[in-house]
Amino acid sequence: CPCVPSQGAMMDNRFATALVIACVLSLISTIYMAASIGTDFWYEYHTQSPAENVSEAGRSIWEEFVSKDADEKTYTDALFRCNGTVGLWRRCITIPKNSHWYSPPAFSFFPPPETDMTTNCISFSLSDQFAEKYIEPGNHNSGTDLNRTYLWRLQFLLPFVSIGLMCFGALIGLCACACRSLYPAIATGVLHFLAGLCTLGLVGCYVAGIELLHKKLPLPEDVKGEFGWSFCLACVSAPLQFMAAALFIWAARTNRKEFTLLKAYRVA
């Protein structure tokens with residue numbers, strides 16, 4: 001990086017404050033992105049009676065949900081019926097703790113005991129992330145749905161690209177501090193801007209993918225779907241990245257311009 005000690009000495013409080021605020025925004029956005037990637041509440045399904053739904057299907061609903069051969073329609077139906085949540089890496093359903101071994105009797109003179117519910121999750125494998133989506137979910141003979149296929153792949157890749165860009169920008173920022181120069185902060189700002197675009201693209205891809213899926217598999221009448229707090233963290237992260245990028249670029253360019261003008265004034 002171009003080391004210009006005298007330029008660092010010319011930095012006033014405005015630029016120092018802008019850099020501190022930009023660094024804080026960058027850190028918060030990175031934490032939000034990491035939290036959103038690692039949690040399973042991007043989209044949530046709420047049904048009125050998940051325990052009854054599970055008892056009707058017996059143990060097979062969980063066995064089908066975790067099966068390696070479970071297709072998109074199979075696990076989506078389970079999500080509908082069992083208060084499911086979907087993340088970028090895992091899918092989860094809420095089932096009774098004793099659903100694996102206990103089935104209630106057909107006739108009983110006593111009211112059924114309260115059922116303890118537990119949330120069980122299964123991870124998407126790497127092959128699942130890049131698997132083709134079909135025009136009719138669950139029907140492999142219906143042809144490939146290119147829109148949903150590439151939207152799913154992008155929503156898996158974009159968050160890692162976003163975090164990678166911010167980490168690389170942080171390294172450039174450390175280089176700028178070591179060299180006592182604000183000029184490399186322009187590159188940090190550009191990288192944060194690109195990271196914000198990736199995060200914004202991730203949010204758009206996820207929303208479009210969910211809408212297209214629900215056109216193929218409509219929600220049952222007693223099921224309500226909504227975006228969860230993991231999705232909201234990603235939505236908040238994008239504007240924070242854009243604000244950090246704007247502050248980095250403004251501080252670097254303005255300080256560079258004032259330093260050039262001052263240098264020309266001294267020469268004159």
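How many salt bridges does the count come to? Under the rule applied here, a side-chain nitrogen of Lys or Arg within 4 Å of a carboxyl oxygen of Asp or Glu, the count comes to four. The model is a predicted one, so local features need pLDDT of at least 70 and side-chain atom pairs count only at pLDDT 80 or more, while totals for chains, interfaces and linings use all residues. Residues are numbered from 1 along each chain as its sequence is written, and side-chain values use heavy atoms, with hydrogens and water left out.

One of the pairs is Asp40 with Arg90, where the side chains meet at 2.5 Å, N to O. Helices (H or I, at least four residues) and strands (E, at least two) are DSSP runs here, numbered from the N terminus. As for burial, the labels work like this: buried is under 20% relative accessible area, exposed is over 50%, and partly exposed is in between, with a 1.4 Å probe and protein chains only. On that scale Asp40 is buried at 8%, whereas Arg90 comes out as partly exposed at 31%.

Next up is Arg148 with Glu72, a salt bridge at 2.7 Å, N to O. Arg148 belongs to helix α7 (residues 146-179) and Glu72 to helix α5 (residues 72-81), so the contact links parts 76 residues apart in sequence. Here Arg148 is buried, with a relative accessibility of 4%, and Glu72 is buried too, at 10%.

Elsewhere, salt bridges with shared partners connect Glu72, Asp145 and Arg148 in one network.

Then there is a backbone detail. Asn83 has a phi near 50°, which is a positive value in a residue other than glycine. It is found in the loop between α5 and β2 (85-86). With a relative accessible area of 22%, Asn83 is partly exposed.
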